[in-house]
Amino acid sequence: MNRNSMLIVIFSLAMLLIVLYISKSRLKDTLSINQANLEIVKVEAIELDNLRKKWEAKSSTTIINQIKSPKLTRDERSSKKHILVFESLNPNELNSITNKILNANIKISNFKVNRVSDTNSSLQLEVEI
Amino acid sequence: MKRFYNRDSSLIFVDKNLKIQTRESKKYNLILSPSLYWTKIERELPIKRVSEVKKLASSLLDGMLPSDGDFLFRVKKLRESEFLIIAFDKNRVKSILDELNIELSTLDSIYFAQNEFDSIENPISINNEDSLINIDGVVQKIPSRYIKAYSTPVKNILNSLSLSKERFSAYDLEDKFIDSKSFYILTTLLSLIVILNLVEYFLYKIEIDRVYQARDKVFQRYNLPATTFQLESIKSKFISIDREQIKLREKLYYLDKTPLLRGEHFKELDLKNAKIDIALKLNRQNRAEAIKNYLIKEFKIDSIRVKDDTLYAKMSI
């Protein structure tokens with residue numbers, strides 16, 4: 001093999017090595033970025049999933065059923081809203097239902113309490129579905 | 001086996017201070033006269049391969065060669081266990097090329113009279129004084145006066161000569177920047193590093209594909225929208241609901257903690273569209289200021305009035 005052929009072989013190998021090294025380094029960076037992105041997507045997905053579970057309509061329906069009591073006088077449901085009216089509530093019943101409502105993951109759009117007498121109150125709840 | 005030399009090159013027969021040339025050209029092929037190389041035929045070597053004989057060439061020609069030369073060797077297998085060894089001093093050939101004004105860059109290949117003229121039966125005259133003659137298979141240069149037969153001028157033969165494969169290239173005369181062994185070690189190392197990088201490259205590609213698949217699985221499992229923009233939009237919608245509902249509850253708890261005196265109570269509380277209206281029964285009218293100061297810490301009061309011991313307030317969350 002003559003001098004020129006040797007130089008061409010060494011130069012070609014060196015060039016190939018440089019190109020490969022640069023390509024490999026870029027892929028390595030891409031991989032690091034994608035791995036970081038994957039972790040972010042996982043965290044965001046879990047966050048979104050938790051928020052969905054917390055506020056989605058299916059959960060609201062289950063919770064509303066748990067709030068219902070014998071003092072429920074009106075129970076109306078449309079495609080967007082659910083209206084509950086409780087009447088003749090004594091202070092304990094009012095406290096209990098209010099606590100249940102405030103601790104539940106339901107989208108309250110209207111909450112109205114009317115005290116008729118010391119032992120008689122009414123409560124109207126409007127929930128977004 | 002003979003081959004035709006490059007017809008673009010000029011063929012030159014070279015002896016000491018003598019150059020016999022076929023024509024002018026930019027490239028030259030040289031045939032060295034026997035006075036410029038050493039020949040030996042080894043007839044009973046217990047070796048079969050040319051490469052093995054080449055390794056021993058230096059010691060086989062020991063005593064024949066001057067001690068101060070830089071020799072190159074060529075070995076040709078004549079028949080079983082019989083080898084022709086040719087050696088030449090590359091420095092000597094280079095200095096002769098200088099004397100003949102032939103630059104190394106214009107040189108194509110170097111041949112030997114031994115190989116090129118070994119099949120010629122008649123003597124070949126180099127000039128008026130010397131001729132080439134084949135004696136027992138060895139082409140030798142001898143004075144022409146000892147030859148009685150007709151000698152063919154070497155220039156006549158050069159014009160129709162087919163060259164053998166036994167040759168050296170101009171590169172063999174050059175001072176090498178790297179020897180063959182180092183070259184092969186270097187290329188092997190470079191090739192290994194290239195292969196390692198190639199393997200790493202494909203491993204990274206596979207890993208990237210794996211990450212994409214994992215990402216797709218996350219999207220499927222959590223039913224995520226296709227774009228990050230959509231994902232952010234849905235997420236911000238739920239975060240907004242979450243914050244609004246938490247705030248709403250905090251306000252209701254705050255109202256529930258209103259410091260009331262005995263006999264004081266909320267007659268009415270109406271929360272709708274981030275507005276709260278309250279009707280609060282007071283013990284006495286001067287309590288209104290204390291209640292107002294409490295409410296103003298947490299609400300923006302749109303209007304407030306007291307009528308018949310009842311405080312009516314319209315507030316924003």
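Contact here means heavy atoms within 4.5 Å. The legends below walk through close-up views of a predicted model.

**View 1. Leu32(B) and its surroundings in the largest nonpolar core.** With neighbours within four places in sequence left aside, Leu32(B) is in contact with Val14(B), Tyr37(B), Phe88(B), Val93(B), Ile110(B), Tyr111(B), Phe112(B) and Ala113(B). Leu32(B) belongs to the largest nonpolar core, which has 41 residues. The members that touch the most other members are Phe13(B), Ile31(B), Leu32(B), Phe88(B), Phe117(B) and Leu158(B). A second, separate core holds 37 residues, and Ile101(A), Leu252(B), Phe266(B) and Ile278(B) are among them. As background, nonpolar side chains in soluble globular proteins tend to be buried together.

**View 2. Aromatic rings of chain B, pair by pair.** How many aromatic pairs does a search of the whole structure find? Over all chains, the count is 10. Phe13(B) and Phe117(B) make a tilted pair, with 6.1 Å from centre to centre and 40 degrees between the planes. This pair links distant parts of the chain, 104 residues apart: Phe13(B) sits in strand β2 (residues 9-15) of chain B, and Phe117(B) in the loop between α3 (113-116) and β9 (124-125) of chain B. Phe13(B) and Phe117(B) are both buried. Now look at Phe88(B) and Phe168(B): their ring centres are 5.0 Å apart and their planes lie at 70 degrees, so this pair is edge-to-face. The cut-off behind that label is an angle over 60 degrees. Phe88(B) and Phe168(B) also link distant parts of the chain, one in strand β7 and the other in strand β14 (residues 168-169) of chain B, 80 residues apart. Both Phe88(B) and Phe168(B) are buried. Together with Tyr37(B) and Phe112(B), Phe88(B) and Phe168(B) form one aromatic cluster.

View 3. Strand β6 (residues 71-79) of chain B pairs with strand β7 (residues 82-89) of chain B in the antiparallel sense, over 8 bridges. Which residue of β7(B) stands opposite Phe73(B)? That residue is Ala87(B). The hairpin has 2 residues between the strands, and Ser81(B) takes a positive phi near 65 degrees.

**View 4. Helix α8(B) and the elements it packs against.** In helix α8 (residues 287-296) of chain B, the buried residues are Arg287(B), Ala288(B), Ile291(B), Tyr294(B) and Leu295(B). Why do the buried residues line one face of the helix? Seen down the axis of α8(B), they fall within an arc of 125 degrees, so one face is lined by them. The packing partners of these buried residues in chain B are α7 (228-256), β16 (275-281), β17 (300-307) and β18 (310-316).

**View 5. Charges over rings, and a residue of α7(B).** Arg305(B) lies over the face of Tyr312(B), 4.6 Å from the ring centre. Lys237(B) lies over the face of Phe238(B), at 5.0 Å from the ring centre. Glu244(B) lies in helix α7 of chain B. Is Glu244(B) buried or partly exposed? Its relative accessible area is 48%, so Glu244(B) counts as partly exposed. Glu244(B) and Ala274(B) are 30 residues apart in sequence, and their C-alpha atoms are 8.9 Å apart in space.

**View 6. A mixed open sheet in chain B.** This open sheet has 4 strands in the order β11-β10-β9-β12 (chain B), with mixed pairing. The edge strands, each pairing on one side only, are β11 (138-143) and β12 (152-153) of chain B. Strand β9(B) runs antiparallel to strand β10 (residues 130-135) of chain B, and 2 bridges join them. Ser125(B) has Ser131(B) in β10(B) as its bridge partner.

**View 7. Ser121(A) in chain A.** Ser121(A) lies in strand β4 (residues 120-128) of chain A. With a relative accessible area of 6%, Ser121(A) is buried. Not counting residues up to four places away in sequence, Ser121(A) touches Phe86(A), Glu87(A), Ser88(A), Leu89(A), Leu94(A), Asn114(A), Arg115(A) and Val116(A).

Notes:
Residues are numbered from 1 along each chain as its sequence is written. Chains are lettered from A and ligands numbered from 1 in the order in which they are written. Side-chain values use heavy atoms; hydrogens and water are left out. Buried means under 20% relative accessible area, exposed over 50%, partly exposed in between (1.4 Å probe, protein chains only). The arc is that of the directions from the helix axis to the C-beta atoms. A nonpolar core is a set of buried Ala, Val, Leu, Ile, Met, Phe, Trp, Tyr and Cys residues joined through side-chain atoms within 4.5 Å. Two strands pair if DSSP finds at least two bridges between them. Rings of Phe, Tyr and Trp (its six-membered ring) pair if their centres lie within 6.5 Å; planes under 30 degrees apart count as stacked, over 60 as edge-to-face and the rest as tilted. A charge sits over a ring if NZ of Lys or CZ of Arg is within 6 Å of the ring centre and within 35 degrees of the ring normal.
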